[in-house]
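Okay everyone, let's get going.

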Amino acid sequence: MQRRWYVAQLKPNGLQLAMRNLERQGLAVFCPLQLVDRRRGSRVTSVAVPFFPGYLFVALAPAGGEMRAASNTRGVARLVTIGAQGPQPVPDALIAALQAQCSPEGIVQPPEVESFEVGEEVQVTAGPLAGQVSRIVALAPEDRIWMLLDLMGRETRVAVKRKDVTRL
């Protein structure tokens, strides 16, 4: 029987427990992750966290006892339902697109970042400098752009993440 992907809502801190128990039952699970920066003291590290916190995708056969077994698995609160219709499968195209965007480790890769050139005029789109317009003076290898911004009447050299800048 063809398995379809469903969304399981997790109990608090139940991700690892639910994944382990669902996989023990022979069910495929998919939990896309994303990298976020976390500050610990003066250091910033990237940590993988769920892309959809509190939820997990699980492949189940619509008929049979897999739905009941999955919803009663330790770590799983319930299968997500829509109205009185019960659990509804997630469109296969959505799961395929998510899986295609993930690395082998399951981390969702960001969309391709624009490439910029020195001297190009750009606008900052995020952070405390959002809305500022300037010209690029240097490109750093660690996905940063150096620009001169007019801050309080002085030109100040500022580094901005490449993803937080857009072309004008």
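**Salt bridges across the chain**

Let's start with Arg 3, which makes a salt bridge with Glu 66, the closest N and O atoms sitting 2.5 Å apart. By salt bridge I mean a side-chain nitrogen of Lys or Arg within 4 Å of a carboxyl oxygen of Asp or Glu. This pair links distant parts of the chain: Arg 3 is in the segment before strand S1 (4-10), Glu 66 is in helix H2 (residues 66-71), and they are 63 residues apart. Helices (H or I, at least four residues) and strands (E, at least two) are DSSP runs, numbered from the N terminus.

Quick caveat: this is a predicted model, where local features need pLDDT of at least 70 and side-chain atom pairs count only at pLDDT 80 or more, while totals for chains, interfaces and linings use all residues. Residues are numbered from 1 along each chain as its sequence is written, and side-chain values use heavy atoms, with hydrogens and water left out.

Next up, Asp 92 and Arg 4 form a salt bridge, closest N and O atoms 3.5 Å apart. Asp 92 is in helix H3 (residues 92-101) and Arg 4 in strand S1, so the pair ties together parts 88 residues apart in sequence.

And how many salt bridges does the structure hold? There are 5.
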